Amino acid sequence: MLRLAGLRDGRLHDARHTAATALLMILGVAERAVMGIMGWSNSTMAARYQHLTAQVRRDIAQRVGGLLWDTPTEDSKSTS
């Protein structure tokens, strides 16, 4: 079934990593809330389970780029 769906074979444990990464990094859910959802007793588990994805890296790069090289918008031009 996985092959037909075009998915790789994975372990259930891999799904926990995916869920933690999605909650913490992509959706920005508060770490304390994720700890409750995942059943973690301390925050060191968050560091173990979350992974920096290419999407998150791109978002960070765009945000830093916007901070450093943002061009003024029409709204900011009219207030200057």
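## Salt bridges and a nonpolar patch

Arg63 is exposed, at 59% relative accessibility. Keep that in mind for the exercises below, which all use this predicted model.

**Exercise 1.** Which residue meets Arg63 in a salt bridge, and what is the N to O distance?

*Solution.* Start from the general idea: side chains of opposite charge can pair when their charged atoms come close. Here the partner is Asp59, with 3.6 Å from N to O. That falls within the 4 Å cut-off for a salt bridge. Next, look at the spacing: Asp59 and Arg63 sit 4 residues apart in helix 5, so about one helical turn separates them. Finally, check the cover: Asp59 is partly exposed at 36% relative accessibility, while Arg63 is exposed at 59%.

**Exercise 2.** Which residues are linked with Asp14 in a network of salt bridges?

*Solution.* Take the pairs one at a time. Arg11 bridges to Asp14, with the closest N and O atoms 2.7 Å apart. Arg8 also forms a salt bridge with Asp14, at 3.9 Å from N to O. Put together, Arg8, Arg11 and Asp14 make up the network. Now for accessibility: Asp14 counts as buried at 17%, because buried means under 20%. Arg8 is exposed at 62%, and Arg11 is exposed at 55%.

**Exercise 3.** Where is Trp69, and is Trp69 buried or exposed?

*Solution.* Trp69 lies in helix 5, which covers residues 54-69. With a relative accessible area of 66%, Trp69 is exposed. Trp69 belongs to a nonpolar surface patch with Leu52, Ile60, Val64, Leu67 and Leu68, and together they have about 660 Å² of accessible area.

Note on methods. Residues numbered from 1 in each chain as written. Predicted model: local features only at pLDDT ≥ 70, side-chain atom pairs only at ≥ 80, totals over all residues. Heavy atoms only, no water. Patch = residues over 30% accessible without salt bridge, like charges linked within 9 Å, V, L, I, M, F, W, Y side chains within 5 Å. Areas by Shrake-Rupley, 256 points an atom, 1.4 Å probe, with all protein chains shown as cover. Salt bridge = Lys/Arg side-chain N within 4 Å of Asp/Glu carboxyl O. Helix = DSSP H or I, 4+ residues; strand = E, 2+ residues; numbered from the N terminus. Buried < 20%, exposed > 50% of the residue type's maximum accessible area, 1.4 Å probe, protein only.
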